[in-house]
Amino acid sequence: MRRYQHWLAALACVAALTPAAHAEDTSLWQDTKSHLGNIWDQGDDAIYLSGIAHHGRSTYTKEKLNELNEHAWGLGYGKTLRNADGNDESLFGFVLKDSHRHPQYMAGYAYEWVFPVAKTGLEVGVGGTAMLMSRQDYFGGVPFPVPLPLASIGTAKGKVMFAYVPRLSSNKNNGDVLLIFGRIEM
């Protein structure tokens, strides 16, 4: 199956299951659609650039680290809205070169609580993302849901961002990856 067919199948499953899940409370479904539509319509255009995927040195063997790609070059596009509470909500799509030098596709939603740094113009953010991800080494490239913690530092229009993939088991050579990327709002 071609990669785009995996994405279409995943979206069709979400579309098919969602109305049934919200049959009793269609207002929740409508509110969610309206909220995401508002982010897309009112949010600022944003470009995402990635470059570093740091693998935890105590999690991976030296041999495995020598095999892995830590130059996670990639590009993405999204919309970011500073909400009424002063926090950032984003919708995004992103592709980067994964640890095995294959394309990794991501699309999702992110929320960050934003804290200004005393009259400097800088701000820090903490939050999380819920997204669909597609990688060749997981589920044959079929998109799967991923929640990850996020943090950032920068200004309202440009930030260095951090997403952390936790260690997935006590076994060596998986998880414990810090992805460092940037978001520039237009």
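With which side chain does the side chain of Ser-152 make a polar contact? The partner is Glu-112, at 2.8 Å (a polar contact is a pair of N or O atoms within 3.5 Å, one able to donate a hydrogen and the other to accept it; residues adjacent in sequence count only if both atoms are side-chain atoms). This is a predicted model, in which local features need pLDDT of at least 70 and side-chain atom pairs 80 or more, while totals for chains, interfaces and linings use all residues. Residues are numbered from 1 along each chain as its sequence is written, and side-chain values use heavy atoms, without hydrogens and water.

**The barrel**
- Eight strands, β1 through β8 in order, form a closed barrel with antiparallel pairing (strands are DSSP runs of E, at least two residues; a pair needs at least two bridges).
- On average, neighbouring strands of this sheet are turned by 30° against each other, direction ignored.
- Strands β7 (158–165) and β8 (177–185) pair over eight bridges, and Met-161 stands opposite Phe-181.

**The core**
- The largest nonpolar core has 23 residues, and Phe-92, Met-106, Met-131 and Phe-181 have the most contacts inside it (buried Ala, Val, Leu, Ile, Met, Phe, Trp, Tyr and Cys residues joined through side-chain atoms within 4.5 Å).
- Strand β6 gives the most to this core, with four residues.

**Around Ser-152**
- Ser-152 lies in strand β6 and is buried, at 5% relative accessible area (buried means under 20%, with a 1.4 Å probe and protein chains only).
- Beyond four places in sequence, its contacts (heavy atoms within 4.5 Å) include Glu-112, Val-124 and Met-161.

Methods. Axes are lines fitted to C-alpha atoms, for helices over the stretch in contact, and angles run from 0 to 180 degrees between N-to-C directions. Buried means under 20% relative accessible area, exposed over 50%, partly exposed in between (1.4 Å probe, protein chains only).
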